[in-house]
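User: I would like to learn how to read a protein model. Please take me through it one feature at a time.

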Amino acid sequence: MEGIKTHSKALKCLDSLSFNKDGQIAIIGSNLTSRTWNGMLAIYSDPKFAPEIPHIDAAVVTDAGNSDVSWVDDKQLIVASDTGAIDLWTIQNSNGTLENSISFHEHDDICSSVSLDPSRIQFASSSWDGCVKVWDLAIEVSVHTFRAHAGKVLSVAWSQKYGDLTSSASDDGDIFVYDVRDAKPASLLAHEKTSYPCSVTWHPTDTKIVVGYSDGRISLFDMRNRGQHVLTYKAHAKNTNCVAFCPTRDNMIASVSDDQTLHVQESDQNTALLHRKVHSDYVKGLAWDLNRISCWTCAWDGKVLETMVDKDKMDLDD
């Protein structure tokens, strides 16, 4: 781990985090201060120690900055890179060794996000090159390329209930839904003229999609009613970088923003449960703890923080 300690600045700007079923947390960071643009993937068995270098259980310094991370299983992770590459990293043993098992190289610009299908065999990726791609981990190739967007694709999300559907959001203002069983044309869910969608995710057990916008708004769409708006509310003052449903209380929607805040909304009551400034720089990453009602966030201030969400003790900033 000595090489990791000498590259500790790679953890300064944190862009994404992800939990696996065992409670391990993976975080990715980029080094924006040195002459060499690089990054890091770090794994912690106890998330409360993240991002402290001495407590890393496994880590690797990458040749480029990173934008998104997601667990495939308890040993493998996929990481999206600023070069457009997508890497599959495998934990080899207990001494902190990570091996780059597969690298996918088809995007021509920054790979902005990745999202796995329910079977954990395929995943979707989005890129600033305007493409959404579907990849198969078993055969290690892309099986579909969708070119529906006219701008940078900023977010992609795979439905965990309906395993054939994925969606994307772009700075061209469009939100598309795709059927990945074949290369069917994308279905336009919505188009925004005054702002653009930055982040998208699916309800864990339903057909609803939640979208975060560049002006801080959050919208909930119902796919059963041709993408009809179910709910719209103002959560932030700037870009909404990530949105996520709570896996155990799926009426709760969390979001984070460039305005340094975390917001949690109860969707069925349209009630704000929490709004708090949690970081001192852009908040980029968000994940719900699978075992507790809490949100973990990471930001460009180099911090990873847990925020408890207590429905009976609402915490609303002025």
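This is a predicted model: local features need pLDDT of at least 70, side-chain atom pairs count only at pLDDT 80 or more; totals for chains, interfaces and linings use all residues.

User: How many helices and strands does the chain have?

Analyst: Helices (H or I, at least four residues) and strands (E, at least two) are DSSP runs, numbered from the N terminus. Here the chain has 1 helix and 28 strands. Its radius of gyration, taken over C-alpha atoms, is compared with a globule rule of 2.2 Å times the number of residues to the power 0.38. The chain's value is 18 Å, close to the 20 Å that the rule gives for 318 residues, so the chain is as compact as a globular protein of that length.

User: What percentage of the residues count as buried?

Analyst: Buried means under 20% relative accessible area, exposed over 50%, and partly exposed in between (1.4 Å probe, protein chains only). Of the 318 residues, 59% count as buried. In strand β25 (residues 283–288), 5 of the 6 residues are buried, so this strand is largely enclosed by the rest of the structure.

User: Which strand is joined to β25, and by how many bridges?

Analyst: Two strands pair if DSSP finds at least two bridges between them. β25 is joined by 5 bridges to β26 (residues 294–299), and the two run antiparallel. They form a hairpin with 5 residues between them. V283 stands opposite A299 in β26.

User: How many disulfides are found?

Analyst: A disulfide is a pair of cysteine sulfur atoms within 2.5 Å. The search of the whole structure finds 0. For C242, the nearest cysteine sulfur is that of C298, 8.7 Å away. For C246, it is that of C295, 7.3 Å away. C246 is buried, at 0% relative accessible area.

User: How many salt bridges does the structure hold?

Analyst: Side chains of opposite charge can pair when their charged atoms come close. A salt bridge is a side-chain nitrogen of Lys or Arg within 4 Å of a carboxyl oxygen of Asp or Glu. The structure holds 11. One of them joins D258 and K284 (3.7 Å, N to O). D258 lies in the loop between β22 (252–257) and β23 (261–266) and K284 in strand β25, so the pair ties together parts 26 residues apart in sequence. D258 counts as buried, at 12% relative accessibility.

Notes
Residues are numbered from 1 along each chain as its sequence is written. Side-chain values use heavy atoms; hydrogens and water are left out.
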